[in-house]
Amino acid sequence: MKKADISTRVLSAEGRPSRAEAEAAIRTLLMWAGEDPSREGLLDTPARVAKAYEEFFSGYREDPEALLARTFEEVEGYDEMVVLRDIRIESHCEHHMVPIIGKAHVAYLPQSRVVGISKLARVVDAYAKRFQIQEKLTAQIANTINTVLQPRGVAVVIEAGHQCMSTRGVHKPGASMVTSRMLGAFRDDSSTRREFLAMISPRNCSSLEA
């Protein structure tokens, strides 16, 4: 089976394991770790973990493009930058299934319409609440905003800490990763890019201005 076929099957409602099967898998992991899932403190853990996964990965049930479908054109000709800073990100590394915690900064230059700012945050969540790598997450957010709103430019910067790096492997707590995706005017016009970066985090993002 091709990778694309596997991805489609997993993300669809059909073919997904049942809740009981998910809880059984969690019990297996507990035993593999050396625990006894039948002891008092762990009796309800499989159900709790399954419920937590429904929240952690709720993005698979969201359509990011649909979130941006409703826009507003009565903006009195406003065509300057729209920036939403410091959007908290809670995601999970697809390689080790551990948290990625950080923040996203999103901006766009409207053509003739704008979208409610909460929708920008919801698009970030729709992609973040999936198994991810930060590079892909950054591109998905920017590409979706660009496709649906068709603005003059889109910029997304994500700063995040990865527990796959801080709690295992090289054990480097405090390290953060910064990724960016610049489209349209943000890619082509250095002054527009500098304005955006100055708005969000000059100290951390100055290296992206070049």
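User: What does contact mean here?
Analyst: Contact means heavy atoms within 4.5 Å. Please note that the model is predicted.

User: Using that, how many of the contacts between residues at least 6 apart in sequence join residues at least 24 apart?
Analyst: The share is 67%, taken among the contacts in the chain between residues at least 6 apart in sequence.

User: And how many helices and strands are there?
Analyst: The chain has ten helices and seven strands.

User: How many of the residues are buried?
Analyst: The chain has 210 residues, and 36% of them are buried.

User: Let us turn to helix pairs. How are α5 and α6 arranged?
Analyst: Two packed helices are described by the angle between their axes and the distance between the axes. Helix α5 covers residues 117-128 and helix α6 covers residues 134-149; they pack at an angle of about 140°, and their axes are 10 Å apart. That angle makes α5 oblique to α6.

User: Is the crossing left-handed or right-handed?
Analyst: The crossing in which α5 passes α6 is right-handed.

User: Which residues meet there?
Analyst: From α5 come Leu120, Val123, Val124, Tyr127 and Ala128, and these meet Leu137, Gln140, Ile141, Thr144 and Ile145 of α6. In this contact of α5 with α6, eight residues are nonpolar, two are polar and none is charged.

User: And α2 with α3, where do their axes come and at what angle do they cross?
Analyst: Helix α2 spans residues 19-33 and helix α3 spans residues 45-56; their axes come within 9 Å and cross at roughly 115°. Here, too, α2 passes α3 in a right-handed crossing.

User: Which residues make that contact?
Analyst: On the α2 side they are Arg19, Glu23, Ile26, Arg27 and Leu30, and on the α3 side Thr45, Pro46, Ala47, Val49, Ala50, Lys51 and Glu54. The contact of α2 with α3 divides into six nonpolar residues, one polar and five charged.

User: Take Glu23 from that list. Is it buried or exposed?
Analyst: Glu23, which lies in helix α2, has a relative accessible area of 16% and is therefore buried, the cut-off being under 20%.

User: What does Glu23 touch?
Analyst: Leaving aside residues up to four places away in sequence, Glu23 touches Pro46, Ala47 and Ala50.

User: New topic: where is Gly77?
Analyst: Gly77 sits in the loop between β1 (71-72) and β2 (82-93). Gly77 counts as exposed because its relative accessibility is 60%, and the limit for that class is over 50%.

User: How far is Gly77 from Arg113?
Analyst: Their C-alpha atoms are separated by 8.9 Å, while the two residues are 36 residues apart along the chain.

User: What should I know about phi at Asp86?
Analyst: Most residues other than glycine have a negative phi. Asp86, a residue other than glycine, has a positive phi near 55°. Asp86 lies in strand β2 and counts as partly exposed, at 43% relative accessibility.

User: And what is phi at Gln150?
Analyst: Phi of Gln150 is positive, at about 50°, although Gln150 is not a glycine. Gln150 belongs to the loop between α6 and β6 (153-162). With a relative accessible area of 53%, Gln150 is exposed.

Note on methods: Residues are numbered from 1 along each chain as its sequence is written. This is a predicted model: local features need pLDDT of at least 70, side-chain atom pairs count only at pLDDT 80 or more; totals for chains, interfaces and linings use all residues. Side-chain values use heavy atoms; hydrogens and water are left out. Axes are lines fitted to C-alpha atoms, for helices over the stretch in contact, and angles run from 0 to 180 degrees between N-to-C directions. Helices (H or I, at least four residues) and strands (E, at least two) are DSSP runs, numbered from the N terminus. A crossing is left-handed if the near helix is turned anticlockwise from the far one by less than a right angle, and right-handed if clockwise. Ala, Val, Leu, Ile, Met, Phe, Trp, Tyr, Cys and Pro count as nonpolar, Asp, Glu, Lys and Arg as charged, and the others, Gly among them, as polar. Buried means under 20% relative accessible area, exposed over 50%, partly exposed in between (1.4 Å probe, protein chains only). Angles under 35 degrees count as roughly parallel, over 145 as roughly antiparallel, 65 to 115 as roughly perpendicular and the rest as oblique.
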